[in-house]
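Let's take a friendly walk through a protein model together. Have the sequence and the 3D view ready, and follow along.

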Amino acid sequence: MEFGVDLLLILFAVAAFAGMVDSIAGGGGLITIPALLWAGITPAQALATNKLQGSFGSLTSSINFIRKGYVDPRDMVLAIVLTFAGSALGTVLVQMLDASILLKILPALLILIALYFLFSPRVGDIDAHQVISKSVFAFTAGFGIGFYDGFFGPGTGSFFSIAFVALLGFNMTKATAHTKVLNFTSNFASLVMFIAGGEVVWMIGLVMAVGSLIGAQIGSHLVMKVGARLVRPLLVVTSVAISIKLIIDQYGSTISQYWDQMRVWIG
């Protein structure tokens, strides 16, 4: 399959914007996956190629946060290992099982996350009380959210962020920094499995990877500079946006029918 220069430039720009958004609040896949499907590749190829370009963006953000001292990878070894294992397992299982049940419950979960970040007084620039140990976090949130990312994906950044804030008491900047490390881990594990299945469209993926890398550089620097004032509202907006998109994708035709009926009744 051949792709024109104009299409590749559009996908590059989309990936750059998505990489910036994703490094701040997560949800970049909400932007890139529809663009990949629009480019004419199959859904499986879109998911696989998205993992390729997303891995570059999340790696770039992770390196920036590590260099600036927001993350010590040595303190996250167990979480990284278990997130990798969970994501790899999820990617294998999604090719054999029906993930449609997640479409039904995910919008409600993401809206609850948005409400938590919007109203919780704990979400700010100051660390709060730690609820569980980092080892327990690795076995529960690390493995569980990693599995979810490999199995399905949308909202993974929001889930990691709320886990770091609610369970380990991290401030928003610190939570975002650690989220990107585990996000890269789960992206990379899933990518390895997709490569084994031969689903990655390399031309598109590598072009978008460059865009994602540039966007992630910009976004991660903004997080370190502005902190919770930027991350908190974007996490709320991103969570709600993903919820709305999933609801429209699943119930759009039904909603349209009810709307048409209401217009008829109203006259």
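Which helix supplies the largest share of the lining of the second largest pocket? That helix is H6, with 4 residues. Before going on, please note that this is a predicted model, in which local features need pLDDT of at least 70, side-chain atom pairs count only at pLDDT 80 or more, and totals for chains, interfaces and linings use all residues. Residues are numbered from 1 along each chain as its sequence is written, and side-chain values use heavy atoms, leaving out hydrogens and water.

A pocket here is an open set of points on a 1 Å grid over the protein atoms alone, where a 1.4 Å probe fits, with protein on both sides within 12 Å along at least five of seven lines; lining residues have an atom within 4 Å of a point. The second largest pocket has a volume of about 160 Å³, the space filled by probe spheres set on the points. Of its 14 lining residues, Asp75, Met76, Val77, Ala79 and Lys134 lie nearest the centre. At least two lining residues come from each of H4 (77-94), H6 (134-151) and H7 (156-168); helices are DSSP runs (H or I, at least four residues).

Now look at H4 and H6, whose axes (lines fitted to C-alpha atoms over the stretch in contact) come within 6 Å and cross at roughly 30°. These two helices are therefore roughly parallel, a label for angles under 35 degrees. Their contact (heavy atoms within 4.5 Å) includes Leu78 and Ala79 of H4 and Ser135 and Ala138 of H6.

Definitions and conventions: Axes are lines fitted to C-alpha atoms, for helices over the stretch in contact, and angles run from 0 to 180 degrees between N-to-C directions. Angles under 35 degrees count as roughly parallel, over 145 as roughly antiparallel, 65 to 115 as roughly perpendicular and the rest as oblique.
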